[in-house]
Amino acid sequence: MGLSIWQSMQQKGYSRRDFLQFCAAAATAAGLGQSAVGQVVSAFEKKEKPAVVWMHFQECTCCSESFIRSSHPIVVDALLDVLSLNYTETLMAASGFQAEKSLNDTIKNNKGKYIVLVEGAVPTKDGGVYCMIGGKTAESILQTVAADAAAVVAWGSCASNGCVQAAKPNPTGATPIHKLVDKPVINVPGCPPIADVMMAVVTHLLVLGQVPALDSLGRPKEFYGRRVHDTCYRRPNYDAGLFVESFDDENARKGYCLYKMGCRGPVTYNACSVVKWNEGTSYPIQSGHGCIGCSEEGFWDNGPFYQHLASFPGFGIESTADTVGTVVGIATVAGVAAHAVVTNIRKRSVIAEVHAEDQKES
Amino acid sequence: MARVVVDPVTRIEGHLRIEAVVENGVITDAFSAGTMIRGLEKILIGRDPRDAWAITERVCGVCTTVHALASVRSVEDALGIAVPPTAELIRNIMMATLYVQDHVVHFYHLHALDWVDIVNALKADPKKAAELAQSFSKWDKNTPAYFSSVQDKIKSFAASGLGIFANGYWGHPAYKLPPEVNLIAVAHYLDALEWQKEIVKIHAVFGGKNPHPNYLVGGVPCSIDADEVAAINSERLNLVARLISQADEFVNQVYIPDLLAVASFYKDWAKWGGGLKNYLSYGEYPTKGYGQPESFKYPRGVVLNRDLSHVYPVNPRDSQEIKEYIASSWYSYDGGNDVGIHPWAGETKINYTGPKPPFETLEGFAKYSFLKTPRWKENPMEVGPLARLLVAYASGHTDVQELVKDTLGKLSVPVDALFSTLGRTAARGLDAALAMIWLKEFFAELMGRVKTRETSTFNGERWEPKSWPAEAEGVGLVEAPRGSLAHWIKIKDGKIDNYQLVVPTTWNGSPRDAKGQRSSFEASLIGTPVANIEMPVEIIRTIHSFDPCLACAVHLYDPQGKHLHQVSFE
């Protein structure tokens, strides 16, 4: 136990040159750029393989499935070389009390040093009986595990904002992690989050020992600072008033904008159109379906999905953009400007609401 | 007598608890409990039926796509929408892709560690491992240098703590593989983990992402145009072609040979884990439309009492065939505890009556699970790859019969060996091999249609709610990798009035019904020897052979909101 990553690579016969290459790749993966390679090298020379536990509550395991789709680093290298994943119900060899032992030992032996990754929301109604593991409620397990953690990461929309089980009428009182634990939580929303984004967040934490810069919703700015719409390759079509009017119509085959098909790209902060999915293979809009906004709080109740945004209460101003398709050229500039302003206002008010709610609770 | 509790059961999807009674080293009774619920069916009420695929897809991220498919089929069935043949081919390609990916991941990452001792692999001779691997597979990676580097990797990994492999049942006498076979399996565990991210790129091409690609009522969301850069064009199709040929190599040169190699050391597991004698399959892979089940690659039907000479028809619309019970589940019915209700007419109130957590045991509680208990004509049914193969075999599908006979011959075991834990795990491999054949076939047909420019992917005639009848009901049947899955929907005034899912793990993992009949998990454990109750690897082997998916299995259903006031949510 306790070897640095460099020591463990030496043990495996890697050269210093291999090690530096690995550090450069890790720095890139963490979105740090070449200037940070030196930092990464020293981090890898000093650090032990950090202990990590991955909790599963009210979830569908899509976050775990996404994580193992990572391409840089590939998950095998992450599991064997970057971190010591001591508990995850999806992959761990041990079951039953041996599994609980792995969890308890990790907490005991790494007080204040281990990282908690949480997949899933926590049901708080009726004493927490709607999610129990080993006879204990999810909430009690979360509190125990989070108490001595160095950092808590909320994987996906379930843990970050409640996701599907928290959609109206939220029958089980599904609650996101940041409302339950008494320490800062890094929210990595999405249903699921993009694999390489998840790996980059882990690498950022473990390589630098630092929390990435977060926005006011606790999301890493590097991946949640831009709207899908603003980074979408179909954006020029929106600006030009070229829209898909029906699935698989001529415009769809030409890759026109999916705004009228209900695309939530204009109100969704995520990296899909930049990082893309499955090693850059595609993303929802590229495949012909609008963004459903899966990384935004309350997106399930922000539907129906195929109704375009303009007809939402509070979004009337966007109807300007909507008319662009029929009155090409006239409303384009005004439409785009108006819609940028509106989404920013909306975001500011979302942030204000969350703060107000937090203050209420504290 | 001892009561052995395994909770959490790991290497599955979701939260499962098994309590087994062991007397004189043999399991005499078992209880299977789902301990998590999210209430998705309640959330579906009142929403746009065209959105239901996205909501229900989030039932499960492991078997992602299957609920989306069941959902769009249920809506299309209700509204009388026929999807274009090209869209059907793309859906089939997505499904066959999932079969292959899901079964490989199940074998290596969820099931293998029940049979493969990773620590023992350190004792292997890499040269001998290479010779052995080359004797049953022509995969060019199986060299001494490769096995030696994997062994080094595991050695240094073991020296710094075992991470996800810590506290396994290593060294248990039930692990029978020689060190070289252990090493081969561990090496391919790592390779499979790297490969599985490749094949799902097929989902990303047609659905934008994986997990949780996009589906669409009336077809598929992608468009095909060989002359457009933003559509599915030659570049995209080339990518799919390469991923398919890579998958073909992995399934036939790695997965199937490893499965047979490992199985040959565990033939005693053909004696245990058989459980129920009834098998259900809804059938899958339509070739002439969802409404023509006789054209499906896998047929629809039921085998009763292991009698392979007769297949019974299944009608999901008949209120007397498929019913759900709650006699042992944390729900209540207006008509009493013992009645069964067809999904279109059902009612449910969640009613947790188990012990107050934290608790040690569910012993003594008549109700012990959030899973309901489905029955076909009052019979408990096993679903999954084994059930699919048996129904196809009994239906006289010669391709399935030949494959099954060939495999039994290779393992030199009789047909009866199928009815077991070993048979179930082997059947999953054959299921993947068939899916691989069909995946290539569907893709070739798709290319044919691109060539002749018959590429319409969407039928929008009934897209607008104003074109729908005031009331409609439909059912979407799917053979998911884990077994028979169905969604029943009722639509009223353009909105979901009622939605019910009955999923594979509800069939297999449910608690007892009103007559006290056990479902698959419980029945299959009975009679299995347990050598050491502190390390019940035997329980895990049989439960994993079903590939449980608990997030799918647990749901809450509430028609028309009429029982809302009685639900004790607050």
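## Exercises on a predicted two-chain model

**Exercise 1.** What span should the 14 residues of helix 9 of chain A have, and how far apart are its end C-alpha atoms?

*Solution.* Helices here are DSSP runs of H or I with at least four residues, and strands are runs of E with at least two, numbered from the N terminus. The expected span is 1.5 Å times one less than the number of residues. For the 14 residues of helix 9 of chain A that should be 20 Å, and the end C-alpha atoms are 20 Å apart, which agrees.

A word on conventions before going on: this is a predicted model, where local features need pLDDT of at least 70 and side-chain atom pairs count only at pLDDT 80 or more, while totals for chains, interfaces and linings use all residues. Residues are numbered from 1 along each chain as its sequence is written, and chains are lettered from A and ligands numbered from 1 in the order in which they are written.

**Exercise 2.** How many residues of helix 9 of chain A are buried, and what phi does A:Gly209 take just after this helix?

*Solution.* Start with the criterion: a residue is buried if 20 or more other C-beta atoms (placed from the backbone) lie within 10 Å of its own, exposed if 12 or fewer, and partly exposed in between. On that count, 13 of the 14 residues of helix 9 of chain A are buried. Next, step past the helix end to A:Gly209, where phi is positive at about 65 degrees.

**Exercise 3.** Where do the buried residues of helix 11 of chain B fall when seen down its axis?

*Solution.* First, pick out the buried residues of helix 11 of chain B: B:Val400, B:Val404 and B:Thr407. Seen down the axis of helix 11 of chain B, the buried residues fall within an arc of 70 degrees, so they line one face of the helix; the arc is taken over the directions from the helix axis to the C-beta atoms. Now turn to the face away from that buried side, where the exposed residues include B:Asp399, B:Glu402 and B:Lys405. Finally, ask what lies over the buried residues: the cover includes helix 10 (385–394) and helix 12 (421–451) of chain B, with contact meaning C-beta atoms, placed from the backbone, within 7 Å.

**Exercise 4.** Which residues of helix 4 of chain B meet helix 9 of chain B?

*Solution.* From helix 4 of chain B come B:Val100, B:Val104 and B:Phe107, and they meet B:Ala247, B:Phe250, B:Val251, B:Tyr255 and B:Leu259 in helix 9 of chain B. Sorting the residues of this contact gives eight nonpolar, no polar and no charged. The classes are nonpolar (Ala, Val, Leu, Ile, Met, Phe, Trp, Tyr, Cys and Pro), charged (Asp, Glu, Lys and Arg) and polar (the others, Gly among them).

**Exercise 5.** How many residues of chain A are in contact with chain B?

*Solution.* The contact joins 83 residues of chain A to 85 residues of chain B. On the chain A side, helix 6 (residues 96–109) gives the largest share, five residues. That side divides into 38 nonpolar, 31 polar and 14 charged residues.

Definitions and conventions. Contact = placed C-beta atoms within 7 Å.
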